[in-house]
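I opened a notebook for this chain and looked up a few things in turn. The entries follow in the order I made them.

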Amino acid sequence: MTVTRDAVLEKLKGIPAPAGGELVSSGALSDVAIRDGAVALSITIRPDQAAAYEPVRRRAEGAILSIPGVTRATVALTAEAAAGAPRAGGHSHGPGGHSHGPAPAAQAGPAPKMGLPGVGAIIAVASGKGGVGKSTTAVNLALGLAAAGQRVGILDADIYGPSIPKLLGLKGRPELIAGKVLRPLVGHGLKAMSIGFLIEEETPMVWRGPMVVGALRQMLNEVDWGGLDVLVVDMPPGTGDVQLSLAQQVPIAGAVIVSTPQDLALADARKGLAMFRKVDVPILGIIENMSYFLCPHCGERSEIFGHGGARSEAARLGVPFLGEIPLALSIREHSDDGRPIVVHEPDGAYAGAYKAIAQSVLAALAGGSGRRAPPRIVIE
Ligand code: ADP
């Protein structure tokens, strides 16, 4: 059965707005987004109205769900970013923490992008090029977020070179629930999904662009991600179809860029920044990986790649610097054997560095710092 916008608005009639009058005529509703049986819309409020509107939000979701043919209803409360920043850990309110600004009249605002049901904030971990340690950082950052009490999932969007199964030491196939959605595997407490669970490692795969985008869509929408505060997406390296398609498909609360200190990697990282800005994804900040080498024998610190480039670059570009991770043998060894350093040595210095970055990411999400007006940047 096809669900229509009129049917949705009809169902919402009779729900009172806390400020008086009816919700549908209050001017606070965005347009209604309908995709298959999934319906999403947002209610624009002032941040101090959140508690009063929460029952309204729930009632609206319930009303929409009662329409024949509706399989999913997402009603989000949104507020101006400066006054009411999103919180990691918020659930369906404010999908991914995006704010849409006040809508002057019903249906005046843009339709909200569909969040994933039961998922708070979606963050993308990206790099301008391969081999900078993006996946290692994504996994340890996810574990750092989990150590901070968040419920975390990780989606391996690197369709061409999935590495999450190995990094989390996970093998096996995800189970199909009710013939519809895949149950993610769980590694070290993280819900995880990767194309690596679905195809044989040795299978030579030739992916064409649309197939890659389709695979990503399935891993986002046809996986039971529910009950997460944060979904970390390990992006493929570079700036291509997958990045754009992710930004188009779901609201991304922010992007974290991983870079090594070398200039070349930074030039690539700049491209990544520019791409996220073009698709209106806030930049949470830059992480400098393989920042310096700490000799495991004598403890001497060597700045092999000319440490500090990412910090000064972040300042120049006006984005937060989230922290630095040293080049360390134990980070590599434990990545390779499926026990990331944050779980292998949770009280060690390296785990501490990832956990500190996780705190900065949470602060950036809560403070909405990634949503500041972007400075103009020039790509050389
Ligand atoms: P990417 O996802 O950018 O391609 P990976 O996360 O797969 O990069 O890392 C590439 C290699 O570098 C892996 O062997 C990984 O173990 C290693 N590595 C990543 N970060 C560090 C680090 N901070 N110290 C030592 N080795 C690292």
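**Entry 1: a term before starting.** I count as helices the DSSP runs of H or I with at least four residues, numbered from the N terminus. With that settled, I looked at helix 2, residues 50–65, and found both Arg58 and Glu54 in it. They are four residues apart, about one turn of the helix. I also noted that the model is a predicted one.

Entry 2: Is Glu54 buried or exposed? Glu54 has a relative accessible area of 17%, and buried means under 20%, so Glu54 is buried.

**Entry 3: other salt bridges.** How many salt bridges does a search of the whole structure find? I wrote down twelve. One that I looked up joins the side chains of Asp229 and Arg151, at 2.9 Å from N to O. This pair links distant parts of the chain, as the two residues are 78 residues apart. Asp229 sits in strand 10, residues 228–234, and Arg151 sits in the loop between helix 3 and strand 5. I looked up the accessibility of both partners. Asp229 comes out at 7% and therefore counts as buried, while Arg151 is partly exposed at 36%.

I also looked up Arg183, which forms a salt bridge with Glu175. The closest N and O atoms of that pair are 3.4 Å apart. Arg183 has 36% relative accessibility and counts as partly exposed. Glu175 is partly exposed too, with a value of 46%.

**Entry 4: the ligand.** Which residues are closest to the ligand? I found 16 residues around the ligand, the closest being Gly131, Lys134, Ser135, Thr136 and Pro326. Sorted by class, this shell has seven nonpolar, seven polar and two charged residues.

Next I looked up the backbone atoms that approach the ligand. A polar backbone atom of Val132 is 3.1 Å from a ligand oxygen. A polar backbone atom of Ser135 is 2.9 Å from an oxygen atom of the ligand. For Ala328, a backbone N or O atom lies 3.0 Å from a ligand nitrogen. The ligand taken alone exposes 560 Å², and the protein buries 79% of that. I listed the elements that give two or more residues to the shell: helix 3 (134–147), strand 12 (283–294), strand 14 (321–327) and helix 9 (329–336).

**Entry 5: strand 12.** I stayed with strand 12 and looked up Glu288, which is found there. Its relative accessibility is 0%, so Glu288 counts as buried. The side chain of Glu288 makes a polar contact with the side chain of Ser291 at 2.5 Å. I also compared C-alpha positions: those of Glu288 and Arg311 are separated by 7.4 Å, with the residues 23 apart along the chain.

Met290 is in strand 12 as well. I noted a positive phi of about 55° for Met290, although it is not a glycine. Met290 is partly exposed, at 21% relative accessible area.

Asp280 is another residue with a positive phi, near 60°. I found Asp280 in the loop between helix 7 (263–278) and strand 12. What is the relative accessible area of Asp280? The value is 63%, so Asp280 is exposed.

**Entry 6: one serine.** I looked up Ser245 and found it in helix 6, residues 241–249. Ser245 is buried, with a relative accessible area of 5%. Leaving aside neighbours within four places in sequence, I found Ser245 in contact with Val213 and Leu216.

**Entry 7: the whole chain.** Last, I looked up the totals. The chain has eleven helices and 14 strands. Of its 380 residues, 53% are buried. The chain exposes about 16300 Å², and carbon and sulfur atoms supply 54% of that area. Among contacts with a separation of 6 or more, 74% are between residues 24 or more positions apart.

Methods:
Residues numbered from 1 in each chain as written. Predicted model: local features only at pLDDT ≥ 70, side-chain atom pairs only at ≥ 80, totals over all residues. Heavy atoms only, no water. Near = heavy atom within 4 Å. Polar contact = N/O pair within 3.5 Å; in protein donor to acceptor, adjacent residues only side chain to side chain. Areas by Shrake-Rupley, 256 points an atom, 1.4 Å probe, with all protein chains shown as cover. Nonpolar A, V, L, I, M, F, W, Y, C, P; charged D, E, K, R; others polar. Salt bridge = Lys/Arg side-chain N within 4 Å of Asp/Glu carboxyl O. Buried < 20%, exposed > 50% of the residue type's maximum accessible area, 1.4 Å probe, protein only. Contact = heavy atoms within 4.5 Å.
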